[in-house]
Amino acid sequence: MQSKANPAPPASGLRARKRQETRERLTKAAMMLFLERGFEATTLDDIVAAADVSRRTFFHYFASKEDVVLAWQEDGTAALIAAVAARPATESMLQAAENAIADMVKQIDPREAVALARLKRDNPALQARDQAKYERLERELANALLKRANHRNDRMKARLVAMITTGAMRVGSELWADDGAREKPDLVAKRLFAAIRAIFE
């Protein structure tokens with residue numbers, strides 16, 4: 001019998017948590033297989049077997065293998081937007097974006113990042129999804145920067161900083177992966193933003 005001090009969680013909350021856990025298990029299993037075997041070589045049956053779910057369960061969460069990669073990347077996007085929003089109000093928009101990115105990329109696994117970059121480079125469908133990801137990131141980043149601004153008429157500035165930042169992330173990730181991820185990613189981020197500032201001096 002459940003004690004009054006520790007009431008049972010609401011059924012809706014329990015269901016939501018189990019759905020999230022299943023989604024995360026599917027995503028983790030799929031990404032592990034993609035990075036080990038390659039995207040094309042990994043079948044849907046491989047993924048559901050690794051995640052210990054049915055094909056029907058997979059399609060409750062994802063419409064395709066490409067959607068799994070997109071979902072995995074969306075988690076990173078959400079974390080970055082939250083990190084930008086949490087930066088001190090005293091930082092400029094560009095400083096907030098730079099510092100949030102530099103902190104976030106410290107958590108990157110270099111081997112995984114390089115494998116994922118090659119995965120996307122070799123698959124046109126994933127390249128298209130990657131382009132869509134950056135477009136969405138730019139919009140969400142602009143909104144996050146605008147919300148933390150002192151003046152709501154800074155919309156143009158927020159969009160420009162978001163565009164520059166998103167472009168820097170694309171260039172930096174490509175160069176870093178091509179170089180074998182030998183340099184620490186936070187140092188790459190700092191060099192990128194230093195280069196951006198030098199352009200306007």
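This is a predicted model: local features need pLDDT of at least 70, side-chain atom pairs count only at pLDDT 80 or more; totals for chains, interfaces and linings use all residues.

Mentor: Residues are numbered from 1 along each chain as its sequence is written, and side-chain values use heavy atoms, with hydrogens and water left out.

Trainee: At what angle do helix α6 and helix α7 pack?

Mentor: Two packed helices are described by the angle between their axes and the distance between the axes. Here α6 (residues 110–121) and α7 (residues 124–147) pack at about 110 degrees, with axes 7 Å apart. That makes α6 roughly perpendicular to α7. Axes are lines fitted to C-alpha atoms, for helices over the stretch in contact, and angles run from 0 to 180 degrees between N-to-C directions; under 35 degrees counts as roughly parallel, over 145 as roughly antiparallel, 65 to 115 as roughly perpendicular and the rest as oblique. Helices themselves are DSSP runs (H or I, at least four residues), numbered from the N terminus.

Trainee: Which residues of α6 and α7 meet?

Mentor: Leu119, Lys120 and Arg121 of α6 meet Leu126, Gln127, Asp130 and Lys133 of α7, where contact means heavy atoms within 4.5 Å. By class, this contact has two nonpolar, one polar and four charged residues. Ala, Val, Leu, Ile, Met, Phe, Trp, Tyr, Cys and Pro count as nonpolar, Asp, Glu, Lys and Arg as charged, and the others, Gly among them, as polar.

Trainee: Which residues of α7 are buried, and what covers them?

Mentor: An α-helix has 3.6 residues a turn, so residues three or four places apart point the same way. In α7 the buried residues include Leu126, Asp130, Lys133, Tyr134, Leu137 and Leu141; buried means under 20% relative accessible area, exposed over 50%, and partly exposed in between (1.4 Å probe, protein chains only). Their cover includes α4 (65–85), α5 (93–105), α6 and α8 (155–178). At the start of α7, a side-chain oxygen of Asn123 comes within 2.9 Å of the backbone nitrogen of Leu126.

Trainee: What is to be said of α8 and Asp178?

Mentor: Among the buried residues of α8 are Val161, Thr165, Ala168 and Trp176, and the cover includes α5, α6, α7 and α9 (185–199). Asp178, also in α8, is exposed, with a relative accessible area of 62%. The C-alpha atoms of Asp178 and Arg118 are separated by 9.0 Å, although the two residues are 60 residues apart along the chain. Just after α8, Gly180 takes a positive phi of about 80 degrees.

How values were computed: Helices (H or I, at least four residues) and strands (E, at least two) are DSSP runs, numbered from the N terminus. A polar contact is a pair of N or O atoms within 3.5 Å; within protein, one must be able to donate a hydrogen and the other to accept it, and residues adjacent in sequence count only if both atoms are side-chain atoms.
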